[in-house]
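I opened this structure to look up a few residues and pairs one by one. My notes follow in the order I made them.

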Amino acid sequence: MKRLMFVALVLVGGLMVGSASAYFTAQAQVPENVIRAGTFAVSTEPTSSAISIDSLAPGVSISKPLTVVNDGILPARFVITAAKKAGITEFYDALSVRVTSEGTQLYDGTMLALRTTPLTVAPGARKQIDFAVSLPSTAGNELSGDYAK
């Protein structure tokens with residue numbers, strides 16, 4: 001029995017010595033690491049009054065193009081919305097708009113609720129967006145001469 005106890009103590013002692021051994025470690029530094037954010041630069045052509053219409057008649061649709069230009073290095077993902085800044089609310093509420101790009105319809109409904117499906121323009125690319133604005137054929141004389149900005 002003493003012999004068995006001696007062997008057990010030797011084994012436990014050997015395990016303790018083996019588990020207490022050290023591991024070699026090292027470090028290396030990689031200098032000049034730089035993380036930089038990409039640039040996002042979107043513009044439109046024309047730059048102002050892109051969808052100005054001088055005389056819109058009931059039942060008539062007038063189309064206007066707008067080109068979105070991405071001069072940045074990141075892809076541009078956006079949606080198009082509208083907001084009335086000035087003018088006659090009843091006239092604005094009566095306007096309809098259909099928005100398309102490259103043959104794909106992005107929106108068709110009132111100007112008031114305009115929110116297109118998302119569009120993506122690759123870095124360095126251009127995308128033409130076409131707006132067809134109209135007044136319903138049922139629009140009456142009460143809207144004659146009105147405007148919305």
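**Entry 1: V133**

I began with V133, which sits in strand β7 (residues 126-134). I take helices (H or I, at least four residues) and strands (E, at least two) as DSSP runs, numbered from the N terminus. This is a predicted model, where local features need pLDDT of at least 70 and side-chain atom pairs count only at pLDDT 80 or more, while totals for chains, interfaces and linings use all residues. Residues are numbered from 1 along each chain as its sequence is written, and side-chain values use heavy atoms, with hydrogens and water left out.

Is V133 buried or exposed? V133 is buried, because its relative accessible area is 4%. My cut-offs: buried is under 20% relative accessible area, exposed is over 50%, and partly exposed is in between (1.4 Å probe, protein chains only).

Next I listed what V133 touches, leaving out residues up to four places away in sequence. The list is I51, I53, L56, V60, S61, I62, L95, S96, V97 and M111. A contact here means heavy atoms within 4.5 Å. I also checked V133 against G109: they are 24 residues apart in sequence and 9.9 Å apart in space, C-alpha to C-alpha.

**Entry 2: the nonpolar core**

Which residues touch the most other members of the largest nonpolar core? They are I80, L95, V97, V99 and I129, out of 25 residues in that core. The elements that give two or more residues to this core are β2, β3 (76-78), α2 (89-94), β4 (96-101), β5 (104-110), β6 (119-121) and β7. By a nonpolar core I mean a set of buried Ala, Val, Leu, Ile, Met, Phe, Trp, Tyr and Cys residues joined through side-chain atoms within 4.5 Å. In soluble globular proteins, nonpolar side chains tend to be buried together.

Setting aside residues up to four places away in sequence, V97 touches Y107, D108, G109, T110, M111, L114, F131, A132 and V133.

**Entry 3: N70**

N70 lies in strand β2 (residues 61-70). N70 counts as buried because its relative accessibility is 0%. Where does the side chain of N70 reach? It reaches the backbone oxygen of L74 at 2.9 Å. The side chain of N70 also reaches the backbone oxygen of V121 at 2.9 Å. Beyond four places in sequence, N70 touches A41, P75, A76, V121, A122, P123, G124 and A125.

**Entry 4: salt bridges**

How many salt bridges does the structure hold? I found two. The rule is a side-chain nitrogen of Lys or Arg within 4 Å of a carboxyl oxygen of Asp or Glu.

One joins R126 and E45, with the closest N and O atoms 2.3 Å apart. R126 is in strand β7 and E45 in strand β1, so the pair ties together parts 81 residues apart in sequence. R126 is partly exposed at 48% relative accessibility, and E45 is partly exposed at 36%.

K127 and E102 also meet in a salt bridge (3.7 Å, N to O). This pair links distant parts of the chain, with K127 in strand β7 and E102 in the loop between β4 and β5, 25 residues apart. K127 is buried, with a relative accessible area of 15%, whereas E102 is exposed at 62%.

**Entry 5: backbone checks**

E102 has a positive phi of about 50 degrees although it is not a glycine. S49, also not a glycine, has a positive phi near 50 degrees. S49 lies in the loop between β1 and β2 and is exposed at 57% relative accessibility. A cis peptide bond joins E45 and P46, with omega about 0 degrees. P46 is in the loop between β1 and β2.

**Entry 6: whole chain**

The chain has two helices and seven strands, in the pattern α-β-β-β-α-β-β-β-β. Of its 149 residues, 23% count as buried. Among contacts between residues at least 6 apart in sequence, 71% join residues at least 24 apart.

Note on methods. A polar contact is a pair of N or O atoms within 3.5 Å; within protein, one must be able to donate a hydrogen and the other to accept it, and residues adjacent in sequence count only if both atoms are side-chain atoms.
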